[in-house]
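I opened my notebook for a structure that is new to me. Come along as I look things up.

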Amino acid sequence: MKEERIKIIYVKPYTEPRIMEINNTLENMQALVGGNIEAYMPYDDEVAIICNEEGKLTGLPFNRAVVDEEGKIYDIIAGDFFK
C-alpha cells in the first residue's frame, strides 16, 4: 500500500522556510522535529504548527516568535517545526 504524502512548510531556526512533501506518518513527523510532536494552533485559522512538544524544556534553539494582532510577542517556537 502506498503511503499518503502531504505538502508542508518546513521551518528550521535561522533559515528560510521551504516547501516540501513528506510521507504522512507519525515517525516521519517526529523525525522532522526531533522528538514527540505537538500540534500548536495559536491563531483562529485551522492551520496547526507541528513542533517538538519539549522543545523549550530541552533547550532547542528559538525559531520564530508568535505575535498577537498588535504585533506583541506572546510565545516562541523552539526547534524545527512545520505546518
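**Salt bridges.** I began with the rule: a salt bridge is a side-chain nitrogen of Lys or Arg within 4 Å of a carboxyl oxygen of Asp or Glu. I noted that this is a predicted model, where local features need pLDDT of at least 70, side-chain atom pairs count only at pLDDT 80 or more, and totals for chains, interfaces and linings use all residues. I also noted that residues are numbered from 1 along each chain as its sequence is written, and that side-chain values use heavy atoms, with hydrogens and water left out.

How many salt bridges does a search of the whole structure find? I got four.

I looked up E70 and found K72 as its partner, with the closest N and O atoms 3.6 Å apart. E70 is exposed, at a relative accessible area of 63%. For that word I used these cut-offs: buried is under 20% relative accessible area, exposed is over 50%, and partly exposed is in between (1.4 Å probe, protein chains only).

Next came E21 and R5, a salt bridge whose closest N and O atoms are 3.3 Å apart. This pair links distant parts of the chain, 16 residues apart: E21 is in strand β2 (residues 18-23) and R5 in strand β1. Strands here are DSSP runs (E, at least two residues), helices are runs of H or I with at least four, and both are numbered from the N terminus. E21 counts as partly exposed at 44% relative accessibility, and R5 does too, at 42%.

Then I checked D75 and K56, whose side chains meet in a salt bridge at 2.5 Å, N to O. D75 lies in strand β6 (residues 73-78) and K56 in the loop between β4 and β5 (62-67), so the pair ties together parts 19 residues apart in sequence. K56 is partly exposed, at 47%.

**Nonpolar core.** Which residues make up the largest nonpolar core? I listed eight: I8, Y10, I22, M29, L32, V33, I50 and F82. Two elements, β1 (5-11) and α1 (26-33), each give two or more residues to this core. The largest share, three residues, comes from α1. A core here is a set of buried Ala, Val, Leu, Ile, Met, Phe, Trp, Tyr and Cys residues joined through side-chain atoms within 4.5 Å. In soluble globular proteins, nonpolar side chains tend to be buried together.

I placed E46 in the loop between β3 (37-40) and β4 (49-52). Is E46 buried or exposed? I found E46 exposed, with a relative accessible area of 78%.
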